Amino acid sequence: MDVEEFFIAAAIAIGLVSVCKSLLNFVRWVWVMFVRPPKNLKEYGSWAVVTGSTDGIGKALAFEMASVGLNLVLVGRNPSKLEATSNGIRQKYGYKVEIKNIVMDLAKLSGEEIARAIEEGIKGLDVGVLVNNAGVAYPYAKFFHEVDLEVVESITKVNIEAATWVSRAVLPGMLKKKKGAIANIGSGSSVIVPSYPLYTVYAASKAYLAMFSRCTSVEYKQQGIDIQCQIPIFVATKMTKLKASSFLIASPESYSKASMRCIGYEHICTPYWGHSLQWLIAHALPDVLLNASIFQYFLGMRKRGQLKESRNKKMQQENALGHCG
Ligand SMILES: NC(=O)c1ccc[n+]([C@@H]2O[C@H](COP(=O)([O-])OP(=O)(O)OC[C@H]3O[C@@H](n4cnc5c(N)ncnc54)[C@H](OP(=O)(O)O)[C@@H]3O)[C@@H](O)[C@H]2O)c1
Ligand SMILES: *[C@@H]1O[C@H](CO)[C@@H](O)[C@H](O)[C@H]1NC(C)=O
């Protein structure tokens with residue numbers, strides 16, 4: 001073999017290896033997204049705790065969990081929405097599940113108060129699964145210094161502190177029986193893109209959750225507790241005010257179905273296939289482009305949000321005047 005032939009053979013070999021690798025990755029992706037059987041969540045325990053189960057993803061997840069026969073502890077701040085959720089589930093699956101409601105505003109209580117209320121609420125229950133789903137975001141894109149103080153406060157309290165303290169309250173029971181699964185609902189804003197300007201506090205709070213999940217998953221793996229951070233991108237809920245339209249934007253139902261398939265597996269996962277595809281695309285784009293285009297896009301959203309807000313304010317003022325006169 002001369003030198004030229006050697007290089008051609010080497011190039012073909014390298015090409016083949018990389019094609020095989022891509023193929024294998026693709027097969028693995030299809031397996032994880034569509035084929036791999038979900039964990040039998042009831043094996044972790046007969047009860048599941050879901051925070052923020054009165055709307056969006058959390059509500060849809062609660063229905064999914066009831067459908068497989070898990071009893072539910074639903075945590076929410078609005079008693080009538082909580083009643084509506086649990087009544088809806090009882091009507092559909094009441095013949096096979098029990099439901100307990102815990103009313104508490106995760107933005108108002110101290111961490112210790114949250115932990116105590118959860119401990120009290122789950123006393124005597126065999127809790128196998130916890131989903132830290134409750135979350136808050138900005139009403140619209142803003143520079144950090146423009147964000148209302150209450151919004152900053154509620155994001156850090158609900159997204160960071162509540163998830164921490166609810167986990168703290170649920171873990172000892174899981175440790176005792178050496179079984180359990182925790183899913184923390186993170187966000188693409190903190191792990192998929194290099195920056196998420198104009199939603200700073202939100203993205204940073206979700207970065208905390210990702211690291212919190214990563215570390216605890218290592219700490220408790222050997223104790224039989226599977227901890228993960230789930231990464232949704234866009235889901236059509238009141239938080240995003242989006243309408244589910246394509247594979248890019250999941251409905252709460254399709255997201256929660258995918259979410260159920262992934263609980264107990266990887267310490268970080270993107271359950272919905274359309275989101276996973278977007279992650280792959282984002283991965284292939286250069287950071288400079290992502291940084292600049294996300295910033296530009298959110299600057300536009302900020303403008304539109306400001307316009308809408310000032311229009312609403314004006315309308316309210318006019319209404320108030322109308323009532324007086
Ligand atoms: N939608 C998306 O595109 C998207 C993307 C990435 C990550 N996520 C994450 O997914 C999770 C669910 O979001 P979502 O889109 O389903 O939003 P959502 O429709 O606004 O639902 C949020 C849930 O959290 C509850 N909650 C908020 N503040 C609370 C508080 N202080 N105390 C107790 N409960 C509280 C809400 O209660 P109320 O019903 O009383 O409002 C609601 O049940 C969040 O952690 C969010 O950050 C969402
Ligand atoms: C994108 O922004 C992040 C945050 O400032 C920075 O670390 C990164 O270097 C930026 N990437 C490029 C290529 O500009």
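Q: Before we start, what are helices and strands here?
A: Helices are DSSP runs of H or I with at least four residues, strands are E runs of at least two, and both are numbered from the N terminus. In this predicted model, Ile-89 is found in helix H3, which covers residues 79-93.

Q: And is Ile-89 buried or exposed?
A: Ile-89 has a relative accessible area of 0% and is therefore buried, since that term covers anything under 20%.

Q: Zooming out, how many helices and strands does the protein chain have?
A: The secondary structure of the protein chain comes to ten helices and nine strands. Of its 325 residues, 44% count as buried, and the C-alpha atoms fill a box of roughly 95 × 55 × 35 Å along the principal axes.

Q: What does UniProt list for residues 6-31?
A: The unreviewed UniProt entry lists residues 6-31 as "transmembrane region". In the model that span is 100% helix and 0% strand, and its end C-alpha atoms lie 37 Å apart.

Q: Let's go to ligand 1. How many residues surround it, and which are the closest?
A: There are 31 residues around ligand 1, and the closest of them are Thr-54, Arg-77, Lys-81, Tyr-202 and Thr-237. By class, the shell is made up of 14 nonpolar, eleven polar and six charged residues.

Q: Which helices and strands each supply at least two residues of that shell?
A: At least two shell residues come from each of helix H2 (56-67), helix H7 (200-220) and strand E7 (234-235).

Q: What sits 2.5 Å from an oxygen atom of ligand 1?
A: That is a polar side-chain atom of Thr-237. An oxygen atom of ligand 1 is also 2.7 Å from an N or O atom in the side chain of Lys-81, and a polar backbone atom of Asn-133 lies 2.8 Å from an oxygen atom of the ligand. As for cover, ligand 1 taken alone exposes 890 Å², and the protein buries 97% of that area.

Q: What about ligand 2, which residues are around it?
A: The residues around ligand 2 are Asp-287, Val-288 and Asn-291. The side chain of Asn-291 has an N or O atom 2.2 Å from an oxygen atom of ligand 2. On its own, ligand 2 has 360 Å² of accessible area, of which the protein covers 38%.

Q: Switching to the sheet, in what order do the strands come?
A: Seven strands form an open sheet in the order E3-E2-E1-E4-E5-E6-E9, and the pairing is parallel. Strand E3 (99-103) and strand E9 (268-269) stand at the edges with a single partner strand each, so one side of each is left without a neighbour in the sheet.

Q: How many bridges pair E1 and E2?
A: Strand E1 (residues 47-51) and strand E2 (residues 71-76) are paired in the parallel sense over five bridges. Among the facing residues, Ala-48 has Leu-72 in E2 as its bridge partner, and Thr-51 stands opposite Val-75 in E2.

Q: Which residues of E2 are on each side?
A: In a regular strand the side chains alternate between the two faces of the sheet. Here Asn-71, Val-73 and Val-75 are on one side of E2, with Leu-72, Leu-74 and Gly-76 on the other, and both faces are covered because all of these residues count as buried, under 20% relative accessible area.

Q: How many residues of E6 are buried?
A: Strand E6 (residues 225-230) has six of its six residues buried, so it is largely enclosed by the rest of the structure. Ile-225, Ile-227 and Cys-229 point one way from E6, whereas Asp-226, Gln-228 and Gln-230 point the other way.

Q: And what joins E6 to E5?
A: Six bridges join E6 to strand E5 (residues 180-185), and the two run parallel. Within that pairing, Ile-185 stands opposite Gln-230 in E6.

Q: How many bridges join E6 to E9, then?
A: E6 and E9 run parallel and are joined by two bridges. In E9, Ile-268 is the bridge partner of Cys-229, a residue of E6 that is itself buried.

Methods. Residues numbered from 1 in each chain as written. Chains lettered and ligands numbered in written order. Predicted model: local features only at pLDDT ≥ 70, side-chain atom pairs only at ≥ 80, totals over all residues. Heavy atoms only, no water. UniProt positions renumbered as here; feature names shortened; annotations may be inferred. Near = heavy atom within 4 Å. Polar contact = N/O pair within 3.5 Å; in protein donor to acceptor, adjacent residues only side chain to side chain. Areas by Shrake-Rupley, 256 points an atom, 1.4 Å probe, with all protein chains shown as cover. Nonpolar A, V, L, I, M, F, W, Y, C, P; charged D, E, K, R; others polar. Pairing = 2+ DSSP bridges. Buried < 20%, exposed > 50% of the residue type's maximum accessible area, 1.4 Å probe, protein only.
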